[in-house]
Each structure stands twice: as structure tokens, then as C-alpha cells.
Amino acid sequence: MCGIFGYIGPKQVSNMLVEGLRRLEYRGYDSTGIAVKNGNISIFKKVGKVADMESILPRAIHGTVGIAHTRWATHGGVTDENAHPHESFDSKVVIVHNGIIENSRSLRKHLVSQGIELNSETDSEALAHMIAIELNQDNNPLEAVKRCLKSAIGTWGLCALFKEHDVIVVARNGSPIVLGQGDGETFVSSDPHALTPHTQRVVYLDDGQVAVLDSNGIEVSRLHGGQIDTNVTLLENEWGVADLGDYSHFMLKEIYEQPEALRQCVRGRMDLATGNGRLRGLKIKPAELRKVPHIRIIGCGTALHAGMIGQLVIEKMARLPAVSHVASEFRHNDPVIDPEALHFAISQSGETADTLSAVKEIQLKGGQVHGVVNVVGSTIARQCGTGVYIHSGPEQAVASTKAFSNMVAALSMFAIQIARSRDLTKEKAIEYISALEEIPDLIEQYLQDQGPIMEAVDALKDAKSVLFLGRGVSAPVAAEGALKLMEVAYIPCLAYPAGEMKHGPIALLEKGSPVVIIAPDDHVKQKTISAIHECRARGAKIILIHEQGDDISQEGDISIAVPKVHNLFSPLLTVVPLQLIAYHTALQLGCDVDRPRNLAKSVTVE
Ligand code: M6R
């Protein structure tokens, strides 16, 4: 949530800042700004996306040190004044900040009592003035930032630029910060993705750490203590560049990337000959797996839906109780944690604050928690220490698609692995592995012949609301379809397990109400057909996602067939038409598909 980029070195910085922001724009896009040091510090900021800010930049801005920010508003409306960077009263300090300063009201009041005029409604601006006040004491940028932060309560990823010093001071507490080391140049970003064009050598800052950057390097120390060694990590090449290529939007590109992403996820991790799993990042021996009493999976949004499917697959294959939890509720419910149980924190970005808090809660109570994460080296991955990278590659569209599939695949592979440590036979395990390995080809097959997606779009685009129904593993798919359509096309959507519909949501149905029903050919199909009849009896229009060759197709007003697959893995096929429906509906409605309003790709505030 919010993106930060900064540079200090010999090169002209302004274009680099704008490019850095472009790569971070998916983190937040209410307003953007840059600050460049050139004797004074010049600030340019504007409501809107990076391109809007770029339009106000002069042709040349000289300066080789700068910081930049793309905002997702928390405190204060979306205005030019509230956009970052923020400048101190004496123009000697300029900051960009991610996170929330919880005691900003009292800090702002105190500043006003000292005669300082505040120019924005943000919690962040106070930090710029406070650092400037501290700087006047000893003219030491690092110490000034440290003293300022000791009075702040909350979370920060903070970068400070100084008119009279050739350094950038950076601090982290609860908001990701990664530093990049080049040759004679140093970078800072909220996300490694923005560093990859410049350097592969990075230093992840931990909570409670502060760093001083100059063109020669990085010095890290603790906010409340001494110096610490900088551990340089090499970024994995595979993360690479995410360009649109021939696609019009990242969402569409990422939908089409699902087969290849799934191959990356599964490759080398399943042994077809023995029926065994090899998720080595978990670092759990089969004997330990055997003793696990239950499994809990925690995530938000799409990750939660993937977790809900994982829960069912694990329970079915391993005959082991499994449950999924909404991460934002988890820690506040004071959960009982069994140290023998396994917990999975599931997250594409690896930065979701709600999920991270749940991880910390589990660890605090002595539990084991493993990450199921896409972004290598992200906060959740590092906090867990063990887990499964899902290897989706960069996901740029705010609406998650290919990460969902890989999360489901990763949890399915874990299900096979733990089931084998228990009572799953080799033959049955081989059957599951073969089915899983077939899926990328089946998705490719479907993408070549997508069925009447545009008819479905026509039925949905003017709807007041849409009901999504499914049973068993298709209930979370219904929830995922509803989330996709809602977030990119802004149509109110409700998702229910099909059997629950008659307990309330049926009241919404009237002649022509669109209902999207996911009904693969599994053991609950007949029950789902009953729900279809109940909807039809009220005049609803049925958009049915079903498997090829199944007579159920006659039950839909619009029927979209996906290739037949093993029952437990049907979500990996049935979700694809739902993603396409959301994408095309949003396009028809003129919505910004990749950057839906009010959203951000990684939600780093609770
Ligand atoms: O990065 P995460 O997987 O932890 O993100 C969790 C949710 O914020 C995310 O899935 C969100 O719901 C997406 N916009 C859904 O498309």
C-alpha cells in the first residue's frame, strides 16, 4: 500500500524516479510525487496516476538524489496537498512515508503549539517537521530521524531527504523497505520489483531498523540500539520484468499466463514414480507430518479463497481436520494455538498487514507457521522462515488471477505430501499428481475455446447485483468469481454456498436476476441442480459454468463449458471463465481494469 522509490548516486534522478513509480503504481494510485535535491529540494506532486504527475514536470530537473511516492490515501482526502513528498517548515527536510502514524493527532497539535503551520491533513507530514526540529539540535540526519521516530507510534516505511546533507535516511517499522546496492549508487524501494532494472543486490530492512544511504553504500542500525551488519541478498532472476507484451491489460495477460505459472509451481515438486511430494521449503519430516493434529490456513481476499479450497483438499486427501481463517479477524479473536498444529499464511504479495499480524500472533503463542507466498523475500516469507513459494512470477494487475491458481496448486501439493505421510496409497497419490500435472494443458485448451463469455457479460453488465453459487470446492470459486467482478467492474456481488441460497439470498431474485452457478461434475452436482431450479422458478437468468460433455449444460441460460478434470482440482478450471467474465465486463463498463478505484495491490495497513 503506497509505493516508495529513491536514489542516490551519480545519475540524473528524475526519470528514474518516474520509472520507479511506474513499477510501483499498482501499490496505490491516488496521487504521486517526486522530490529532487538540486541545492534546494524541488517537489512535484499531483492527484492521479504517475502519468498525471509526469504531465506537470518541467522538461529538465537537475539532481542526482531523489525520493518518490505513489499514494493510497489513509489520513486525509485525495488532494495535491496530501500527496507525498512532504516538506518541513524550514524546507530542509522532505519525506515520503508509507504506513500510519497512530498518534499523529497529538504530534500535529504539539507542532501547531510550536507555531508550525501544517499544509496537509496527513499523518505523515508531522514527521517532516519533527525531523527538521531534531536536525536543528545536532545537524545529524540519522540521529534526527531516530529521535523523531521515538516519539511516533504506528507503522512506517520512511525515506527522508536533506537539503544540506548528501544522504537518504530510511526507516522501517511494519511497512516494507528494501535497499538496492549498485556500483557507486544506492536505491530504496518499498518493493524489490522496482529495483530489478538497476541491481539484483538488495538488503531487506527489518522492523525497528534505520539505514543511511549514500552513493557508496548502506549503513544499517537499530532505532533503539547500535550498528548491525548489512546482509546483501541476490534477487532471483525469474522475478524479471513484467511488461504488457501484446496484451492490452495485465489482468488479461496474467489470466493467460496461468498454464505456464502452474507448470513453474508444480515442476520438480512431485514425484510421479513414488507418489511423493517434495516441498522442501517446508522443512518438515514425514514423521512430523504424521503427528500434525490439524491445519489452519490464513489469508485475505483471493488468498483466503485459495485457502478455503486448500482446506477442503487437505481434509479430503489426508483425512486431517483443516480450517481456513480470515486473516483480519484472526489475531483479534485471541485464537488458541496448538504448537503441534501447522499453520499456513497465504499471500501473493507477502506484505499483507492482516496476514502478517496473524503470523506474529501464531508465533507469539508458540505455533509453527509456514508461508505460501509469491514474492520472494517478502515480509511474510521472511517472518515465517519456511514455506512454499508459489512461483507465479510478477502479478501486476490489482485483481489477482494467476496467484490464485498457484496458491491452490501449492496447497494441493502439500495435501498430497501430508496425505502420503499418513494413509494415502501410492496409487491414489499418483492419480492426484497426474491430474494436477494435466491442468496447465487443460487451461490452455479452454483458453482457445472460451465459450459464450461475451453473452454472459451482456447479461451481467447492467445488473443491480449478481449472485454467485457453488458447492464443495466450487463454493470458494463462487466467492472468487464474485470478488473479481465486484473489484474490477464495481457491480455488487454476493457469493453463497448453493445450499444456503434458500436461507435468505433467494429473496433478492426477481425476473431476469443473473445468477452465476459453478457446477462441475462432482458428488454435489445434483444438489446444485436443485438450487438452479429454485433460482429458475423465480425467473432468474442462469449463467452456468460446467464441465464439457455434461448434460447439466441444458440447465443454463448461458452455459460455459470447461474441460473435465479431477473433481478436487476443478477450481483451477472453473475459475478461469469467471476471471474472463470479470475482465470483459469491466472493459465494457469503461472501468480501469488493472487499477480499480480505491484498491491497491498490497494492503500493508490493518
Ligand atoms: O497479497 P495478498 O495475496 O496477501 O493479498 C490479499 C488480498 O488483498 C488480495 O487477494 C485482494 O483481495 C485482491 N485484490 C483480489 O483480487
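Visitor: Which residues does Glu125 touch, leaving out those up to four places away in sequence?
Guide: Heads-up: this is a predicted model, so local features need pLDDT of at least 70 and side-chain atom pairs count only at pLDDT 80 or more, while totals for chains, interfaces and linings use all residues. Numbering starts from 1 along each chain as its sequence is written, and side-chain values use heavy atoms, with hydrogens and water left out. Taking contact as heavy atoms within 4.5 Å, Glu125 touches His86, Arg108, Glu117, Leu118, Asn119 and Ser120.

Visitor: How far from Glu125 is the nearest side chain of opposite charge?
Guide: Glu125 is buried (under 20% relative accessible area with a 1.4 Å probe, protein chains only; exposed is over 50%, partly exposed in between). There's no salt bridge for Glu125, which would take a Lys or Arg side-chain nitrogen within 4 Å of an Asp or Glu carboxyl oxygen. Lys and Arg count as positive, Asp and Glu as negative, with His and chain ends not counted. The nearest opposite charge is on Arg108, at 4.3 Å.

Visitor: Why is helix α1 largely enclosed by the rest of the structure?
Guide: The buried residues of α1 are Ser14, Met16, Leu17, Val18, Gly20, Leu21, Arg23 and Leu24. Helix α1 covers residues 14-24, and it's largely enclosed because the buried share is eight of the 11 residues.

Visitor: Which elements do the buried residues of α1 pack against?
Guide: Both strands and a helix turn up here.

How values were computed. Helix = DSSP H or I, 4+ residues; strand = E, 2+ residues; numbered from the N terminus.
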